[in-house]
Amino acid sequence: VNEGGAMPPILLLGGEVDQQCPTCAVDATAVKLKPLAKSIKVRHFGKSYGEEEDYGHFDFLVGRNAEREVFPTIVEFLIESDG
């Protein structure tokens, strides 16, 4: 929570095959945080979302295609949220 009492912008990532935090849990978290957050963005990753690979819990950082498929989403969010 920042000085004004609101949370900063939030990016939630969900992986299609993430067994630790399934996409339904990511969506439920977004619903709970929405009233508190300045803005919230949810993005799911996996073959059914257009990626070449399915994403598990750590694949957002170390997955074979993370640099090409996930990192741009993170960079875009950071750029949009700056300011």
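Q20 touches H57 and F58, when residues up to four places away in sequence are not counted; contact here means heavy atoms within 4.5 Å. The model is predicted, so local features need pLDDT of at least 70 and side-chain atom pairs count only at pLDDT 80 or more, while totals for chains, interfaces and linings use all residues. Residues are numbered from 1 along each chain as its sequence is written, and side-chain values use heavy atoms, with hydrogens and water left out.

Q20 is located in the loop between β1 (10-15) and α1 (23-33). Helices (H or I, at least four residues) and strands (E, at least two) are DSSP runs, numbered from the N terminus. The side chains of Q20 and H57 are joined by a polar contact of 3.3 Å. Such a contact is a pair of N or O atoms within 3.5 Å; within protein, one must be able to donate a hydrogen and the other to accept it, and residues adjacent in sequence count only if both atoms are side-chain atoms. Between Q20 and F58, which are 38 residues apart along the chain, the C-alpha separation is 9.8 Å. Q20 counts as exposed because its relative accessibility is 56%; buried means under 20% relative accessible area, exposed over 50%, and partly exposed in between (1.4 Å probe, protein chains only).

F58 also belongs to a nonpolar surface patch with L61 and V62, and together these residues have about 370 Å² of accessible area. Patches are made of residues with over 30% relative accessible area and no salt bridge, like charges being joined within 9 Å and nonpolar side chains (Val, Leu, Ile, Met, Phe, Trp, Tyr) within 5 Å. Accessible areas come from the Shrake-Rupley method with a 1.4 Å probe, and for residues only the protein chains shown count as cover. L61 is part of helix α2 (residues 59-62), and its relative accessible area of 63% makes L61 exposed.

In helix α1, the buried residues are T23, V26, A30 and L33. Seen down the axis of α1, these residues fall within an arc of 85°, so they line one face of the helix; the arc is that of the directions from the helix axis to the C-beta atoms. An α-helix has 3.6 residues a turn, so residues three or four places apart point the same way. The cover over the buried residues of α1 includes β1 and β2 (40-45). On the face of α1 turned away from its buried side are the exposed residues C24, V31 and K32.

The structure holds 5 salt bridges, each a side-chain nitrogen of Lys or Arg within 4 Å of a carboxyl oxygen of Asp or Glu. One of them joins the side chains of R43 and E51 (2.8 Å, N to O). R43 is partly exposed at 23% relative accessibility, whereas E51 is buried at 9%. Another salt bridge pairs E53 with R64, with the closest N and O atoms 3.6 Å apart. This pair links distant parts of the chain, 11 residues apart: E53 lies in the loop between β2 and α2, and R64 in the loop between α2 and α3 (66-69). E53 is partly exposed at 26% relative accessibility, and R64 is exposed at 71%.

A salt bridge also connects the side chains of R68 and E69 (3.9 Å, N to O). R68 is partly exposed, with a relative accessible area of 47%, while E69 is buried, with 11%. E52, R68 and E69 are linked in a network of salt bridges.
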